Amino acid sequence: MTGFLAAIVALTLCGLLLSAIPYVRSLDVAARLAVAFAGGMLLASALMFALAALHGSWSRALLCGSLVPLAVVGIILFVRGRPALPVACRLWPVAFFLPIIITAIGVFTGRETCSDLIHFWGPKGIHFWIARTIDTDFLGYTFYFLMHPDYPPMLPLVYAWGATMAHHFSWWGAIALTPILLLATAAAFRGIAARAIGGPAANRQALLLASVLALAFEIGPVAGVGEPPIVLFVTIAVAALTFAPDDRGAMLLASLMLAAAAFTKVEGAAFAVVILAVFLVTRRRIAAPLLMAIVPAILLGGWFFFAKKHGLLDAYAAREHIHLRVLPEVFKGMLREASYGTYYLPWLALIAVMAFGAHNWRRAALPLLVTAGTTAAIVFFYLHSTDPSFWIASSATRVLLVPLASFAVATAAMSE
Amino acid sequence: VFLPQVANVIPRGATVAVFKPVDGKSHDDGAFFVATGLLPRHRIVPPMMASDAVAVPDRAEWVVALTDPLDNPNYELVAKYPEGRLYKLRAAQ
């Protein structure tokens, strides 16, 4: 497990290349490392996809030879950049690590393992690793259609990276990523928020975010699947555009995170469309959202054409009609699952903080509208099934994590 | 524990059906997808591919029966393990 996990975490080094963005350089060290982890996963998976698309196969030498120079440049940029904000409160890490530790306990006792890891995500990663490329024969095999052959490949590619470097795939390593990703999510959010609302307030809100996500991760359950990484990408993108909406570096960072989200899960593309539309409406700027759409469009477009070329189109070519008659059933099911079996505790905790804090509606408009928009997108997806009850019961607690993370950012934006 | 052991017995690339038999017959359960990750060097096929309803050339070459025995004359027992049994499609097929 150690080698597999260490190889994936080491992607942070090449992700330090994002320190070239002045906005990222202005964040505190923990946030820069967290952003680098997200960026490293994006860089490595984009490289592996490009090699697969060019009919090249992966090897340790080729991958390391491509990524190590990036890591060297990244480390230089990271070392040269001085954090703009010191850690404001020395006590914050103590409380901050509690939800992470609880998540780690949940993960290592197997309680948070999602069955989709052993059904879909893990097998894809293993087959990519063994084939040393994106195994289109495996993805396209008739009997494996439930794996959705055209599903965005980022997480299996990250797993294949870890397995290639460690010479083995680790199921434990895959689930062990969950607390690390949660830590990265909270640290990135804290650093981004601290620039706007100050260190102590950012500490409080980061603790709230980590606690809420830890609870939802437990109920999900989400260990080993696409939700922990997509929550990291979503949180960084929403927080950057909420707390630094006029900063070009924040927009570039958000664009990269949108690409990562769209390359991780199908709903990541919906999230990208929603947040760019909301940015257009709330900031009344046309050029910026269009520019931010370029990287996600290139990456997802590349994947779409790759899938089309190899006859893998499935989810992206679905022609199922909307069934409005199931709308009441969808609402009921989503309401039931949104409670997370705790009487809506994650949502109520955020609403309570929102109610007792300041009321900066203007700053919170973007994340609030993203919360509403991504929830509507989830409803839209469910409406494409004639009988969505099983689908909702088996996935809603996980897909609602994107609106939940966005709502947590809204709480911080409004309350402080 | 079980599948990595049979992985060393079954030739690479062979078609394999993995399931827990019910009344000795093939049964559609979640083991099929799990096996795709645990036997990555083999071609995992659904349990129905080990049934009589499937034409002989398309039948699974091997069956991994979890816990309970398989009752199908088309397959011969190759090995027994604490967690199940390994069967091979009879040569006469």
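**Exercise 1. Find how much space lies in the second largest cavity of this predicted model, and say which helices line it.**

Solution. 
- Start with the volume. The second largest cavity holds about 40 Å³ of space.
- List the lining. It consists of A:Leu155, A:Tyr159, A:Ala174, A:Leu177, A:Thr178, A:Leu181, A:Gly224, A:Val225, A:Pro228 and A:Pro229.
- Assign the helices. At least two lining residues each come from α9 (154-166), α10 (171-197) and α12 (227-243) of chain A. The largest share belongs to α10(A), with 4 residues.
- Sort by class. The lining has 8 nonpolar and 2 polar residues, and no charged ones.

**Exercise 2. Describe the largest cavity: its space, its lining and the classes of its residues.**

Solution. 
- Begin with the count. There are 2 cavities of 30 Å³ or more.
- Take the largest. About 60 Å³ of space lies in it.
- Read off the lining. A:Glu267, A:Ala270, A:Phe271, A:Thr374, A:Ala377, A:Ile378, A:Val399, A:Val402 and A:Pro403 surround this space.
- α14, α19 and α21 (401-415) of chain A give two or more residues each.
- Sort by class. The lining splits into 7 nonpolar, 1 polar and 1 charged.

**Exercise 3. Characterise the largest pocket. Which helix gives the largest share of its lining?**

Solution. 
- Volume comes to about 1,700 Å³.
- The lining counts 50 residues. Nearest the centre of the pocket are A:His148, A:Tyr151, A:Glu267, A:Ala315 and A:Trp391.
- Contributors of at least two residues each include α7, α14 (266-283) and α16 (294-309) of chain A.
- α14(A) supplies the largest share, 7 residues.
- By class, the pocket lining has 33 nonpolar, 9 polar and 8 charged residues.
- Link back to Exercise 2. A:Glu267 is among the residues nearest the pocket centre, and A:Glu267 also lines the largest cavity.

**Exercise 4. Work out what the interface of chain A and chain B is made of.**

Solution. 
- Count residues. Chain A brings 15 and chain B brings 15.
- Take the area. About 1,300 Å² is buried between the chains, with carbon and sulfur atoms giving 70%.
- Pick out the main residues of chain A. A:Ile130, A:Phe143 and A:Tyr144 lose the most area to chain B, together 39% of what that side buries.
- Check polar links. There are 2 residue pairs in polar contact and 0 salt bridges.
- Assign elements on the chain A side. α7 (115-131) and α8 (136-140) of chain A give two or more residues. α7(A) gives the most, 7 residues.
- Sort by class. The chain A side has 12 nonpolar, 2 polar and 1 charged residues.

Technical notes: Residues are numbered from 1 along each chain as its sequence is written. Chains are lettered from A and ligands numbered from 1 in the order in which they are written. This is a predicted model: local features need pLDDT of at least 70, side-chain atom pairs count only at pLDDT 80 or more; totals for chains, interfaces and linings use all residues. Side-chain values use heavy atoms; hydrogens and water are left out. Contact means heavy atoms within 4.5 Å. Buried area is the accessible area (1.4 Å probe) that two parts lose on being put together, summed over both. A salt bridge is a side-chain nitrogen of Lys or Arg within 4 Å of a carboxyl oxygen of Asp or Glu. A polar contact is a pair of N or O atoms within 3.5 Å; within protein, one must be able to donate a hydrogen and the other to accept it, and residues adjacent in sequence count only if both atoms are side-chain atoms. Ala, Val, Leu, Ile, Met, Phe, Trp, Tyr, Cys and Pro count as nonpolar, Asp, Glu, Lys and Arg as charged, and the others, Gly among them, as polar. On a 1 Å grid over the protein atoms alone, a cavity is a set of points where a 1.4 Å probe fits but cannot get out, and a pocket is an open set with protein on both sides within 12 Å along at least five of seven lines; lining residues have an atom within 4 Å of a point. Grid points are joined across faces, edges and corners, and a volume is the space filled by probe spheres set on the points.
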